[in-house]
Amino acid sequence: MAKARKEGPKEDPISSGTPVQGDPGGWEYTLLVALVAIGLFWYAFGYESRNGIGGGVPPQAQAQSEPRKLGAAVRFTGTQFLISNNDAFIWSNCELEINGGIVRGGYQFTAPVIQAQSTSTVGAMQFAKSEGERFNPVSMKANSFSIACDTPQGKGHFFGEWK
């Protein structure tokens with residue numbers, strides 16, 4: 001019968017500085033982590049595509065992401081807004097806003113379509129805030145007007161102010 005081996009207390013490899021097989025450690029692991037981090041940083045922030053455009057964004061995508069300035073004119077009669085589409089194409093999904101701020105907080109109205117080379121009329125009291133408060137032309141002043149809509153060339157916008 002074999003005698004049982006008596007082992008002494010086990011030494012903690014972390015406090016003794018002795019690397020344990022299979023544990024990540026040493027300069028190889030540090031080098032690997034550093035190279036991966038540099039590669040991820042280069043990919044996320046410094047990558048240039050083969051055609052020389054930074055970030056690998058094709059020119060068509062850059063042009064489509066910039067909103068097109070609409071050929072619009074807006075008049076206020078005191079009770080109605082006259083919105084003229086002076087472009088040769090229709091505007092669709094039009095978000096109209098009176099007195100909007102940096103964060104949309106004005107009075108809004110959605111027009112499904114505004115025809116090309118035409119003028120549309122929208123009553124002032126059709127504009128409302130998200131909470132339901134209506135624009136009252138008797139007690140409020142229209143200071144600014146914005147239009148954001150879809151065009152055949154992508155997104156379009158207009159902004160105008162009255163003094």
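**The nonpolar core**

Mentor: The largest nonpolar core has 22 residues, and those with the most contacts inside it are Phe81, Ile83, Trp91, Leu96, Phe127, Phe145 and Ile147. Such a core is a set of buried Ala, Val, Leu, Ile, Met, Phe, Trp, Tyr and Cys residues joined through side-chain atoms within 4.5 Å, where buried means under 20% relative accessible area, exposed over 50% and partly exposed in between, with a 1.4 Å probe and protein chains only. At least two residues of this core come from each of strand 2 (72-76), strand 3 (80-85), strand 4 (91-98), strand 5 (107-114) and strand 7 (144-151), and strand 4 gives the largest share, four residues; strands are DSSP runs (E, at least two residues), numbered from the N terminus. This is a predicted model, in which local features need pLDDT of at least 70 and side-chain atom pairs count only at pLDDT 80 or more, while totals for chains, interfaces and linings use all residues. Residues are numbered from 1 along each chain as its sequence is written, and side-chain values use heavy atoms, with hydrogens and water left out.

Leaving aside neighbours within four places in sequence, Leu96 is in contact (heavy atoms within 4.5 Å) with residues including Ile83, Phe127, Phe145 and Ile147. Turning to the cysteines, Cys94 is buried, with a relative accessible area of 0%, and Cys149 also counts as buried, at 2%. The sulfur of Cys94 has its closest cysteine sulfur in Cys149, 4.0 Å away, which is too far for a bond, a disulfide being a pair of cysteine sulfur atoms within 2.5 Å. The structure holds zero disulfides.
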